[in-house]
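Trainee: I would like to learn how to read a few structural features. Could we go through them one by one?

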Amino acid sequence: MEGPPPQYTAKTLDDYLEHLSKGVFQAGISWRVVDAKWPSITKAFHRFNVERVGRMTDRDIDTLVKDERVIRSRPKIAAVVHNANEILALERAGGFKKHLRSFPEYEALATDLKKRFNFVGDSGVYHFLWPVKEPVPDWREWSPAHGMDWEARVKKSRAGRSEGPKGRPRTKGRSASRAAR
């Protein structure tokens, strides 16, 4: 995926749960894998109906862990159920959207969300808030401060590919030792 992910107007708590859950499943996994399985994950979680997901039991979680159509990580599946219940608790305590907007700045909100929600870290919070159009800092400024300087990693990766072992430039075609045979 080039550029930032698309943004959506979250109209219901279900929308918020879906976007939060996508980050949960993407933790440590290629987004391509998550995107490929997302239709099955959505179906397995009742289209992220927050009330239904919040009522899922350990038996329901165990059933999903055995379902090859979804990402079968028990901690991630259980986190989605836990997170649904946290969203519901915040909604009952005064409103989920109101809670998101009750913090003076992004870092305070991020700290709160990381404490409340399971399987959500720095990147997960950012990638939850951005798609649902909540205020986030500019990615180019935020990411290096949180250990996610992707531009530096890409440059380093490209530099590493153009050099062979011990920093010697790679040769095109056959190696010099093979060519001498």
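Mentor: Gladly! Let us begin with burial: buried means under 20% relative accessible area, exposed over 50%, and partly exposed in between, using a 1.4 Å probe and protein chains only. Trp38 is buried, with a relative accessible area of 8%. This is a predicted model, where local features need pLDDT of at least 70 and side-chain atom pairs count only at pLDDT 80 or more, while totals for chains, interfaces and linings use all residues. Residues are numbered from 1 along each chain as its sequence is written, and side-chain values use heavy atoms, leaving out hydrogens and water.

Trainee: How do I read an aromatic pair, and how many aromatic pairs does the structure hold?

Mentor: A pair of aromatic rings is described by the distance of the centres and the angle of the planes. Rings of Phe, Tyr and Trp (its six-membered ring) pair if their centres lie within 6.5 Å; planes under 30 degrees apart count as stacked, over 60 as edge-to-face and the rest as tilted. The structure holds twelve aromatic pairs. One of them joins Phe25 and Trp38, edge-to-face at 6.3 Å centre to centre with 75° between the planes. Phe25 lies in helix H1 and Trp38 in helix H2, so this pair ties together parts that are 13 residues apart in sequence. Here helices are DSSP runs (H or I, at least four residues), numbered from the N terminus. Phe25 counts as buried, at 1% relative accessibility.

Trainee: Are Phe45 and Phe48 stacked or edge-to-face?

Mentor: Phe45 and Phe48 are stacked, with 5.7 Å centre to centre and 10° between the planes. Phe45 is buried at a relative accessible area of 1%, and Phe48 is buried at 0%. There is also one aromatic cluster, formed by Tyr16, Phe96, Phe117 and Phe128.

Trainee: At what angle do the axes of H1 and H2 cross?

Mentor: Axes are lines fitted to C-alpha atoms, for helices over the stretch in contact, and angles run from 0 to 180 degrees between N-to-C directions. The axes of H1 (residues 13-26) and H2 (residues 31-44) come within 10 Å and cross at roughly 130°. That makes H1 oblique to H2; angles under 35 degrees count as roughly parallel, over 145 as roughly antiparallel, 65 to 115 as roughly perpendicular and the rest as oblique. The contact (heavy atoms within 4.5 Å) is made by Glu18, Ser21, Lys22, Phe25 and Gln26 of H1 and Trp31, Val34, Asp35, Trp38, Ile41 and Thr42 of H2.

Trainee: And how do H7 and H8 pack?

Mentor: Helix H7 (residues 106-116) and H8 pack at an angle of about 110°, with their axes 10 Å apart. That makes H7 roughly perpendicular to H8. On the H7 side, the contact is made by Tyr106, Leu109, Ala110, Leu113 and Lys114; on the H8 side, by Asp122, Val125, Tyr126, Phe128 and Leu129.

Trainee: Where is Val132 found, and which residues is it in contact with?

Mentor: Val132 sits in the loop between helix H8 (122-129) and helix H9 (139-145), and counts as buried at 5% relative accessibility. Leaving aside neighbours within four places in sequence, Val132 is in contact with Tyr8, Ala10, Tyr16 and His19. Val132 and Lys11 are 121 residues apart in sequence and 9.4 Å apart in space, C-alpha to C-alpha. Glu134 is found in the loop between H8 and H9 as well; Glu134 counts as buried at 4% relative accessibility. With neighbours within four places in sequence again left aside, Glu134 is in contact with Tyr16, Leu100, Arg101 and Leu129.

Technical notes
Helix = DSSP H or I, 4+ residues; strand = E, 2+ residues; numbered from the N terminus.
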